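Keep the sequence and the model side by side.

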Amino acid sequence: MDLLDYFDAYARDYRPYKEGRWCYEDGLLYLALVRLHRTTREVRWLDHLRRLVDAQVAPEGTIRDYEAGEYNIDNILSGRCLFHLADTTGDARYEAAADVLAGQLASHPRIDAGNYWHKQRYPHQVWLDGLYMGLPFQVEYGLRRGDAALVQDALTQVRTALAFTKGPAGLYIHGYDDARQQLWANPETGLSPAVWGRAVGWLAMALVDLVELLPDDPRAPRDAARELLQAVIAQQQPSGLWHQVMCMPDLKGNYEESSASAMFSYAILKGARLGLIPDNALGLRALTALEGKLSPVDGRSQLTDICCVAGLGGFDGVYRDGTPEYYVTERIQPDDIKGVGPFAYALTERIQAAAHA
């Protein structure tokens with residue numbers, strides 16, 4: 001099928017993930033639409049983006065159902081679309097909304113080493129997810145505002161987080177508890193027990209996006225991105241995809257998970273374009289394999305084998321202990337935006353590569 005038509009139908013039918021509350025899930029679609037618009041120059045993507053974002057961002061720049069005091073780093077991610085909207089429309093609401101989100105970061109609680117807490121309700125914790133949710137926004141915002149300190153702070157947080165979360169085979173562990181208080185945390189290292197595919201995917205996307213934002217800056221995490229991409233490639237399965245729990249192919253119930261695979265496809269394709277790795281062949285292979293994951297569900301094509309959500313600690317009355325066995329029990333949800341968004345990102349990289357071939 002034509003993937004652009006699939007994404008067009010997805011955006012047309014999309015319903016806000018949390019009933020209109022500002023959230024990172026919607027932001028994954030917003031960023032997909034930004035990249036589709038930049039890559040194809042087709043107005044339909046900008047039309048989708050404005051329809052969805054303008055329902056959440058008021059003309060004066062206030063954001064619907066957004067509470068800075070929740071100190072949820074996830075909520076920063078959606079702000080990355082605001083810069084493109086500001087540049088393409090000239091509407092002042094988008095820069096004003098970006099200022100609102102930057103205000104959260106200005107007072108966001110941190111561990112002693114300077115990294116943002118993942119959320120107020122997850123105190124003293126750094127999750128790989130949060131590096132993607134907050135730091136590329138902070139760097140782009142800092143560049144646009146001429147605030148070098150914001151850029152430096154974000155890059156320092158990346159280096160510190162990588163040092164804390166280093167795991168086996170050149171990969172990284174999902175969560176780190178600086179206080180060593182969580183039941184899931186190793187009492188000596190503070191680390192959670194497993195290498196979760198999507199957590200590594202968030203990190204891989206964060207690193208390549210930061211390298212792209214800082215093309216001539218020697219502080220950009222080029223070496224870290226290059227090394228992580230090589231480690232990810234070493235875990236790619238014969239199918240072209242990656243497991244839900246990495247480094248454990250024999251784990252009972254482990255499966256080839258689509259959101260992490262889409263993230264890795266995107267990161268490899270972008271990494272090749274940025275000169276971090278020699279070529280994009282394995283990223284293209286992964287994207288082709290993901291196309292094979294499109295199946296008819298409820299009368300339309302949907303991307304299958306997407307882990308709906310996974311995390312650490314208490315949530316909805318369940319304690320998530322972060323063991324490998326835990327990750328393979330979480331619900332699988334077809335066409336969840338956490339897979340579809342990165343799937344679109346990977347497609348835009350393939351389009352760019354074909355245009356320059």
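Is Glu25 buried or exposed? Glu25 is buried, at 5% relative accessible area. Buried here means under 20% relative accessible area, exposed means over 50%, and partly exposed lies in between (1.4 Å probe, protein chains only). This is a predicted model, in which local features need pLDDT of at least 70 and side-chain atom pairs count only at pLDDT 80 or more, while totals for chains, interfaces and linings use all residues. Residues are numbered from 1 along each chain as its sequence is written, and side-chain values use heavy atoms, with hydrogens and water left out.

Glu25 has a charged partner. Its side chain meets that of Lys18 in a salt bridge, 3.4 Å from N to O. A salt bridge is a side-chain nitrogen of Lys or Arg within 4 Å of a carboxyl oxygen of Asp or Glu. Lys18 is partly exposed, at 32% relative accessibility.

Lys338 and Asp336 form a salt bridge, with their closest N and O atoms 2.9 Å apart. Lys338 is buried at 1% relative accessible area, and Asp336 is buried at 4%. Salt bridges with shared partners also build one network from Arg35, Arg80, Asp209, Glu212, Lys270, Arg273 and Glu349. Arg64 bridges to Asp65, and here the closest N and O atoms are 3.3 Å apart. Both ends are partly exposed: Arg64 at 40% relative accessibility, Asp65 at 44%. The whole structure holds 28 salt bridges.

Now step back to the fold. The protein chain has 13 helices and 6 strands. These are DSSP runs, numbered from the N terminus: helices are H or I with at least four residues, strands are E with at least two. The C-alpha trace spans about 50 × 45 × 45 Å along its principal axes. For 357 residues, a compact globule would have a radius of gyration near 21 Å; the chain has 19 Å, which agrees. That radius is taken over C-alpha atoms, and the globule rule is 2.2 Å times the number of residues to the power 0.38. Buried residues make up 59% of the 357. Of the contacts with a separation of 6 or more, 71% join residues 24 or more positions apart. Contact means heavy atoms within 4.5 Å.

Start at the N-terminal end with helix H1, residues 3-13. Asp2 caps the N-terminal end of H1, with a side-chain oxygen 2.8 Å from the backbone nitrogen of Leu4. Leu3, Leu4, Tyr6, Phe7, Ala9, Tyr10 and Ala11 are buried in H1. Their cover includes helices H2 (24-40), H3 (43-53), H11 (281-291) and H13 (337-355), along with strands E3 (294-297) and E4 (300-303).

Helix H13 holds Ile337. Ile337 is buried, at 1% relative accessible area. Leaving out residues up to four places away in sequence, Ile337 touches Tyr10, Tyr14, Tyr17, Glu25, Leu28, Leu29 and Pro342.

Next, a helix pair. Two packed helices are described by the angle between their axes and the distance between the axes. H4 (residues 80-89) and H6 (residues 128-145) pack at about 35 degrees, with axes 8 Å apart. Axes are lines fitted to C-alpha atoms, for helices over the stretch in contact, and angles run from 0 to 180 degrees between N-to-C directions. H4 brings Arg80, Phe83, Ala86 and Asp87; H6 answers with Tyr132, Pro136, Phe137, Glu140, Tyr141 and Arg144. These residues divide into 6 nonpolar, no polar and 4 charged. Ala, Val, Leu, Ile, Met, Phe, Trp, Tyr, Cys and Pro count as nonpolar, Asp, Glu, Lys and Arg as charged, and the others, Gly among them, as polar.

Gln157 lies in helix H7, residues 148-165. It is buried at 3% relative accessibility. Beyond its neighbours within four places in sequence, Gln157 contacts Arg110, Gly114, Asn115, Tyr116 and Leu135.

End with backbone geometry. Most residues other than glycine have a negative phi. Asp65, in the loop between H3 and H4, has a positive phi of about 55 degrees. Asp305 also has a positive phi, near 60 degrees. Asp305 sits in the loop between E4 and strand E5 (313-315), and is partly exposed at 26% relative accessible area.

Technical notes
Polar contact = N/O pair within 3.5 Å; in protein donor to acceptor, adjacent residues only side chain to side chain.
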